[in-house]
Amino acid sequence: MINISDIEQRLKEIPDPELGISVWELGLIYGVDIDRKKAVVTIRMTLTSIGCPLFDLISNPIKEKVGEVKGVKRVDVELTFEPPWSPDKMSEEAKMELGMV
């Protein structure tokens with residue numbers, strides 16, 4: 001059975017290519033859906049700005065890392081900008097690392 005905490009742990013290991021802080025801690029992950037029947041995980045995420053060209057540099061590692069979770073056969077990554085990302089979505093740890101607190 002696919003475990004959500006295993007998926008979340010993998011997402012915490014994937015750094016943003018520019019900032020070096022995990023996409024999870026930056027608040028770029030908006031949701032994780034698991035279709036256990038089909039063994040498909042769908043990750044809903046955003047980027048820090050609409051014009052950010054780094055989607056492939058982030059989505060490919062997500063597919064790779066989450067795809068390593070036991071029981072996962074496929075990983076889909078959906079990009080959304082609703083709601084728009086803001087620094088408020090960042091974890092306290094990420095804010096401290098960037099000197100925002």
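The model is a predicted one, with local features requiring pLDDT of at least 70, side-chain atom pairs counting only at pLDDT 80 or more, and totals for chains, interfaces and linings using all residues. Residues are numbered from 1 along each chain as its sequence is written, and side-chain values rest on heavy atoms, leaving out hydrogens and water.

The chain has three helices and three strands, taken as DSSP runs numbered from the N terminus (H or I, at least four residues, for helices; E, at least two, for strands). Starting at the N terminus, their order is α-β-β-α-β-α. The C-alpha trace spans about 40 × 25 × 20 Å along its principal axes.

On the inside, 37% of the 101 residues are buried, meaning under 20% relative accessible area (1.4 Å probe, protein chains only). The largest nonpolar core holds 26 residues, with I7, L11, I43 and I62 touching the most other members. Such a core is a set of buried Ala, Val, Leu, Ile, Met, Phe, Trp, Tyr and Cys residues joined through side-chain atoms within 4.5 Å. At least two residues of this core come from each of α1 (4-12), β2 (40-45), α2 (55-67) and β3 (74-79). Setting aside neighbours within four places in sequence, L11 is in contact (heavy atoms within 4.5 Å) with S22, V23, W24, I29, V32, I43, I62 and V66. Across the chain, 58% of contacts between residues at least 6 apart in sequence link residues at least 24 apart.

Note on methods
Buried means under 20% relative accessible area, exposed over 50%, partly exposed in between (1.4 Å probe, protein chains only).
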